[in-house]
Amino acid sequence: MVDRLVSAFAPPRSVLVTLLASCLALAVSATCKAADEPPAETWLRGADESLELRLHGEILDANGQPAQGANIAGTLVFSSGEKPIVAAVDGHRFEAWLPVNKRELHSVRLRAFNQGSTQVVYRTLMTFQLRQSAIDGVRMQLAPATQQVAVQVLADAKPVPRAWVRAELNDGHAIAARANDDGVATLLLLPGQPVTGLTAWNDDHRIGGYSLVRAPKRDAHASSHVVELEKCRAQRIRIVDDQGQPVAGIPFTLRVATPIPDVNYVGVNDDFRLTSDAQGNAVCLAFPDWEKTYQYVELDSDAWHVPDNIGFEDGVLVIPVKRNAQRRSIRAQLTAHGTSPAGIDVHVQSFQGERKHNSDETSRFTNADGSYELQVLPDATYCAYSFDSRWTGAAIDWIPFDSKNEKVAPPELSIGAGETLTVMATAGTERKPLANLHVNVSQQHRYSWRENGETRTGISGPHYWLQTDDAGQAEIHVTPGTVTAGVFTEDWRTEETIEVAAGQPATLKLHRPVAGPRTIRGQLVRASEVDAPLAGLEVVVGAVDGNFNDVDRVAIDANGNFEIRSAAQQLGFFVRTPDGAAAAAAIVSDFDNPVALMLRPTLQYHGQLLGKNGEPLKNHAVRAIVNLAANERFNGIFIQSFEAARIETRTDDQGRFTLTGVPGEMRARLHADALDGDENGVSLEEFYLEPGESRPPSVNRLAPSAAAVTPDPLAVRYKKLLRDCRLNGYGLMVVAAADSPEVKEFVSRYLVDYQENKNAARFMQFNVPANSNELSNDDRRFMAEQGWSTPPAAGVWAIACSADGDELGRLNLASITANAAPQAQQFVNQYAPPAEDAQEKWRAAFELAKQTDRRVWARMGGRYCGPCHRLSRWIDEHQTAIEKDYVLLKIDDFQDAHGPEVAKRITRGKHHGVPFCAIFDADEQLLIDGAGPLGNIGYPTDYEGKRHLGKMLAKTKQRLTGAEIKALIESID
C-alpha cells in the first residue's frame, strides 16, 4: 500500500569497471554519429518489443556530495497501468534497463532518498527525455523534506487510529503514511511542494478522499487537512462484451467521484484494483455509499477497451468492453542527421480511433539501426513525428495501409538538430523568475482525412512537458515554424506563440502580470429602492480573465465592506439577498480603487413549457442559471465566466411559470428537467432582462414535434436555391449521382467538399433524387422541362449554372474511373463564379453612402451558414425600406479576395461568427454593431436579438420612422 523500492543487488565492481572501459572505447568508434554521444551499444540493447534502454545516474545529497545510503524507487507509467522499475544501486550510482517497447510507455517516475533520513528528490521523465537521459545520465540531488502536513482521518466525526493516508503530489508522484492513535498522519514534503489529492482508508473497507484542485477547491499548500471516511458498500461489477457475454480475466482500476458537475475523485487503494472472474464479475468492497456517483474504469489490457460509458443495471455496475481492432504491422526506418538514429521515440496519432471520443496513439523507440515497427489501424490517416529533447523532425501526414489497394506506405521520418527554443517564465512588475514551473511546448500540425463522406481536419504534433530551472527557464529543440508554450497549473493558465526561424535560436516569454495574490477591497451599497441589511451577505468572487480558475465567497460587514486576495487580472463580483429581491454584479479589472457594487431590485421572467405534441407540461422543474462573464477575450485557457446564481421553480397546470429574483443586465440561461430523466437536463434559451422592459412570456417546447415534414416539390426547392444563389453571389450546381457508396464519396469529395477544392464553395448544390420512386409526377414533369435525367447506374452527371439558372456547362461520368477526379475538379474550377474583391466592394459602398447621405450596413456571411441566407432573404424582402438609410454591403471572408482583411474592419478583429452586422457612417466610423448583451445577434429570432437590432436601427436611422423600424423588427420570422 505504500511506495515500494524494487532493487537488485549491484553487480561486482569489476563488472562495472569493465563495462565503463568498454563504453569509453566504443565512444570513439565510427558507429557514433555525434561526437558527444556514446555508441548505442552502451545504452540500448535488444530490438523491437525486447528493446531496452539503460537509465543510469547518480544520487547526491543536499550539499552536492555522493549520497550515503542512497536508494531509488521507480515506476514505468503506461497508457494503461504501471510497473515498478528494477534498479541496481552501487553506492550513490544506479542503473536500470527499461523495457520501452513492451507496452505504450507514457513516462518514468523516479524517487531517490537517503535510507534513514528525510532527504528526498522526485523526478518525472517523459518519453521524449529518455534517450538523452540514457546518454547523459540522470543527476538527482536530494533536499530535506521539511514541510510537515498533518492529515486528520475521521469517521462519524471521530478519529480513526492507524488509518492509511495516501497523498498525490505533483507530476503523479505519491507518498503514503499511517495515522497515529489519534488518527493523524504526518506527511513530510519538500518546501512548497503541493498536495493535489488525498485518500484515506482503514481495514474495514471504508474510504474517503478528494482532489484538492477540483470543486470544492482546497488549499494545496495548507499545513493540515481533514479526510472523512465515507460509509461504503460492496459494489458488484460485471464486465461484458458487445454481445452481453461475461469477459473473464481483465484487470482494471475503478475510479469513483462525486456526481456532475463537481466530479471530485475519492482516490483509489487496493480495493479498487480488481480483476474479473470467470463470470466477468468483481466486487469493490469500498464503493462509497452515495445516492449518486460518477465513475470510470482504466483497463490494464492491450486486447480490450471500453467503447461506451459504464452504468448501473439492476444495482450492478456494468462495464461494456470491446476487443481492439485488428491492426497491421508496418516496418520503417528513421533517417538521422548529426546523430545516431538509435533510441528515438517515434509517435503517431490518428483521430480515426476505434474508441469513441478517443484518438488512436502509438509510439515505439527505434532500434540501434534506426528501424522500428508500428501496429496501426488500416485506412486511418495518422500524424507521425519523431520525439526527442535534443533532436527534432517535422511532423507528416501518413496513411500507413490502404486496404482497398493493399498498399503499404512506411512513414518517411527524419530527425536533425533543430533550433534551440528557450522559454522564460516571470511574474510581477519586477519580472521575478518562476522556478519549477511546468510548461507545455507544442508544435501543431494540421492535417485532414476522409471520414463518412466528408473531409475532416485535426491538429496533432509533438508536445513537450518541461520544467523551469531556478532562473525560470527551460530549453527544448524544435523545428522551424509556429511554436506554442503554455502554463497549465491549478490557478494560472496562459499561452503564447512564437515563429521560430531556421538558424536562429528563439526565446518565448510567459509572464504572470501579478506575482501573487494581492488584497482587493470593495464596498456594497443599496439603491434607493432597496431596503435590505448588508451584514451577513456574501459576495461571490470569480476570476474571469481566463488565466485563473478561482471562485470564492467573502462575507460583507454591516457597512458593506469586504476584501479578498487574488492574483487575477479581471474579477467578477456578485451579491444576491437571501430573498432574491435585490442583487448586484460587476466585472472589474482596475483594482487601484475599491470595487463598488450596488444592490438593485431583481426582475421576473415569465414563460410556458410545452411537451412534444404542444401539451402543457405540468409541475415540471424549470431553472435559470445566471452567469457572470468576461467583458473581453483574454489570452487564457480557463472558462471566462462562472455561475453566480441558480433560480428554480415549477410549472403550473398550464405549463406556465415565473422565475422571480432574476438579476437584471446579466446573462441567464433557461433549463428544464429532461423528459427522459437525463440528469443534465435540457438547455432551452438564453435571456437578458433589462430594468423596465415589457416582454411577452417565452414559450419553449421541451421536445421536437414528431410530425413528419413533407419536402417541397423539386421545382419549389430549385427556385428557392436559385434565389439564395442570386442574393449571395454563388453559382448553382445540379448534381445527379448513382445511389452507391463509391459514387456518393466521389461527389462529396470532388464536387461538394470545399476543403478538397475551395472553388466548390462558390456553388450551391441541388441534388436530384437518385431513386425515381422518390419523385412525384410534378417532379418528373419538372425534370423533363429542365432536360434532366436520372443518374447513370454507376456514375454521375452535373450541370453548372449561373445564379439566374442559365446553363454554363455539363459533366457526364458514366462510371468513376481513375481520371474522373481530375475531370470533376477541372469542371468545378472552370465554371466557378469569380471571387469578388472585398476591398472594391468596401470602397464603392462608402463612396455611394457619401453621395446619397446614407449609412453603410455591412455584414459578413458565408456559404454554409443557414442564418446568413435567412438574413439575406429578409433584407431582400424589405430592401426598399432599408435602403432609405443604408447602403448594403456583404463580405464573404472565405471567398472574397481580401475578404479576411476587410472582415476585420467589420468585426474590429474580434471573433463573432456569422452572420455579423455593423453600421458605419459614410466616413467609415463604426456607429454600432451586432454584438448584443448575449453576443452576436446573428439573424435575430429571439427577443434579445430583435431588441438589439431595433437599437441599431434607432441609433443610426436618418429617414426611417419609429413605426417603420417597429414593422421591420416584427417582420422577422
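Reader: Between which helix and which strand does the loop with Pro915 lie?
Author: This is a predicted model, in which local features need pLDDT of at least 70, side-chain atom pairs count only at pLDDT 80 or more, and totals for chains, interfaces and linings use all residues. Residues are numbered from 1 along each chain as its sequence is written, and side-chain values use heavy atoms, without hydrogens and water. Helices (DSSP runs of H or I, at least four residues) and strands (runs of E, at least two) are numbered from the N terminus. On this basis, the loop that holds Pro915 lies between α10 (899-907) and β69 (916-920).

Reader: Is Asp314 buried or exposed?
Author: Asp314 sits in the loop between β26 (311-313) and β27 (316-320). Its phi is near 55 degrees, a positive value in a residue other than glycine. Buried means under 20% relative accessible area, exposed over 50%, and partly exposed in between (1.4 Å probe, protein chains only). Because its relative accessibility is 84%, Asp314 is classed as exposed.

Reader: What is the relative accessibility of Arg431?
Author: Arg431 occupies the loop between β39 (419-427) and β40 (432-433). Although Arg431 is not a glycine, its phi is positive, at about 50 degrees. Arg431 counts as partly exposed because its relative accessibility is 47%.
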